[in-house]
Amino acid sequence: MKTSIATVSISGNFREKLEAIAKAGFAGIEIFEQDFIASDYAPREIGALVRDHGLEITLFQPFRDFEGLPEPYRSRAFARAARKFDLMADLGAELMLVCSTLHPAAMGGIDRAAADFHALGEMAAARGLRLGYEALAWGRHVNDHRDAWEVVRRADHSHVGLILDSFHTLARKIDPETIRRIPGDKIFFVQLADAPAIEMDLLYWSRHFRNMPGEGDLAVTAFLQAVLATGYVGPLSLEIFNDQFRAGLPRLVARDGYRSLVDLMDRARRAEPALAVDLPDFPPPAAVQAIEFIEIVTSTDQQAELAGFLATLGFTPTAQHISKAVTRWQQGAINLLVNTEDTGFAHSSYVAHGTTVSEIALRLPDALAAKARAQALGIAPHLEPAAPNELTIPAIRGVGGSLLRFVDAKAPLNQLWQQDFTTPRPISKAAGLTQIDHIAQTMAYDEMLSWSLFYHALFDARKAPMVDVVDPDGLVRSQAVETGALKITLNGAEARRTLAGRFVEDSFGSAVQHIAFGSDDIFATASALAANGFQALSIGANYYDDVEARFGLAPELTERLRAANVLYDEDAGGQFFQLYSQTRPEGLFVEIVQRQGNYTGYGAANAPFRIAAQKRATRPAGMPRF
């Protein structure tokens, strides 16, 4: 199946769009007429330029306000069509999209529209061209693919077919299963787009909030299954209208688009194995079983201070890497690595970002299968030769250029700690931290869709609804993605003065801003931490007065929360307790959490109060760190 994308989906001039689309791996493009008109190229030059990039023009679009018109509008519409056919011949385009009319004079009527399309089909056939009719979700008379199909069926012309668009079907909540009744050879083209579930005007929703399949909430996989069940073998194309994408880097948007199409086709064939999907075989997504380790890179000058901070958290340095300046710190099931190498990837990461999380290792059912899936999705591998007698651990590039490593329970990757590290010493001064609960990655807001797609496509991560977190200096958007033991909150900063915005600016890009550790008894942990010299983030007294009233807490519990600077939340499933460290000079901080019952959230309601407390305790913007 040819993969295609509409030029309107990405930013840049026409040549920049083509370069990005070709490099991403697409086979073809839909030429959006406005992009053609805005370019300085003649039609034949456009066609040659497309072919020079190894692409083909899969569709020319849109031709508007055609069917059901009275005279003199009808004659003018046919004359306009003739001009477009001349243009298509020069471009080398063979198929034109005709969208359902919005013309105020259009009279409607299935038979009237069918007669118009039969006549236009005759004109197209004489030139070796084809037409596809698409039902706009806001069409004046036809806004349902079932009605559009009936127009095509009655037109009864070999050069007139149906164009399906997932947004137009799913936005109107039309059952995609109805597509299965349409003959596949009469579907001439399929456009795909997702969107967040927002109740708003259909046209405005479509023009500003579409996104890549897998980035939204629409049932795009079920839509594609229904299309493929008809026997359709034509192009699958992305038509995305999105304000962020129009402002984004063309190569990144095109890369995400191609990844989303590959993932979508893979999901369709796994959901319905009988479907014929023209896609190479590669492994399915698998949920993460555990976070094997988190590596923090720092300098030798800052190592002692970082070590002291970890000690206050109850971590013990238990082992050394056999050939690198890497120390293993342990507590419970948590492994933290502190890397002070002055060469290699870790050092480059330190030079670029300062003290930062440079690697996260994930335990999966099959590490090599995860790497193969990543490669099929166009995710860049990381290649760095291992020293003699050391493991080669599969790795890919993740958020902010950091690494994700994959290990599993099979030899030799199950020998990581025995082969690459010295024999561990006993853990001492533990504070009751048991596991990594979640990781918070902070980025520019316009990166959030890309990284949610990354985790969704690679690990089949589930996405929670996006929430707005109020910072005293602006809003931060936050969305949790979860796959097995890996829980990540993606925090998108729009305003520079927010805590998240300052972190992105200070760390020169997206990175892990905080790590949340789990505890089975947060009050016992808080006491042990205090004994270790841990400096907790001080929470204002007003918070505790409010939380007691809001949840009807017993005064005794409120006083325990206040004394330990612990925040509280609850939902229908259970209770949640949170304790934060003060923010470190590089912007990192840690969180300790306790979940009771089946609480599934992340304490989003407490985020504004945590941020306000952090801002009170943080150096003013612009003040040097040292």
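# Barrel of eight strands

Eight strands, in the order β1-β2-β3-β4-β5-β6-β7-β8, close into a barrel with parallel pairing. Neighbouring strands of this sheet are turned against each other by 30 degrees on average, direction ignored. This is a predicted model, in which local features need pLDDT of at least 70 and side-chain atom pairs count only at pLDDT 80 or more, while totals for chains, interfaces and linings use all residues. Residues are numbered from 1 along each chain as its sequence is written, and side-chain values use heavy atoms, with hydrogens and water left out. Strands (E, at least two residues) and helices (H or I, at least four) are DSSP runs numbered from the N terminus; two strands pair if DSSP finds at least two bridges between them.

L192 stands opposite L238 in β8. Helix α1 (residues 14-24) packs on the sheet and touches β1 (3-6) and β2 (28-32). The direction of α1 makes about 155 degrees with that of β2. Angles run from 0 to 180 degrees between N-to-C directions, and axes are lines fitted to C-alpha atoms, for helices over the stretch in contact. Contact means heavy atoms within 4.5 Å.

# Open sheet of seven strands

Seven strands form an open sheet with mixed pairing, in the order β10-β11-β12-β9-β13-β15-β14. β10 (316-320) and β14 (395-397) each have a single partner strand, so one side of each is left without a neighbour in the sheet.

β10 and β11 (residues 326-331) run antiparallel and are joined by four bridges. T316 has Q330 in β11 as its bridge partner. Helix α12 packs on this sheet, touching β9 (290-297), β11 and β12 (334-339). Its direction makes about 10 degrees with that of β11.

# Contact of two helices

The axes of α3 (residues 43-52) and α4 (residues 73-91) come within 7 Å and cross at roughly 40 degrees. That makes α3 oblique to α4. Angles under 35 degrees count as roughly parallel, over 145 as roughly antiparallel, 65 to 115 as roughly perpendicular and the rest as oblique.

On the α3 side the contact is made by P43, R44, I46, G47 and R51, and on the α4 side by L87, D90 and L91. These residues divide into four nonpolar, one polar and three charged. Ala, Val, Leu, Ile, Met, Phe, Trp, Tyr, Cys and Pro count as nonpolar, Asp, Glu, Lys and Arg as charged, and the others, Gly among them, as polar.

# Cavities

The structure holds three cavities of 30 Å³ or more. A cavity is a set of points, on a 1 Å grid over the protein atoms alone, where a 1.4 Å probe fits but cannot get out; lining residues have an atom within 4 Å of a point. Grid points are joined across faces, edges and corners, and a volume is the space filled by probe spheres set on the points.

The largest cavity holds about 110 Å³ of space. It is lined by 16 residues, of which I296, F309, I515, L588 and V590 are the closest to its centre. α12 (300-312), β21 (511-519) and β24 (589-597) give two or more residues each to this lining, and β21 gives the most, with four. By class, the lining has twelve nonpolar, two polar and two charged residues.

The second largest cavity holds about 80 Å³. Among its 14 lining residues, Q61, E134, L136, R207 and E239 lie nearest its centre. By class, its lining has seven nonpolar, two polar and five charged residues.

Notes. 1 Å grid on protein atoms, 1.4 Å probe; cavity = no way out; pocket = protein on both sides within 12 Å on 5 of 7 lines; lining within 4 Å.
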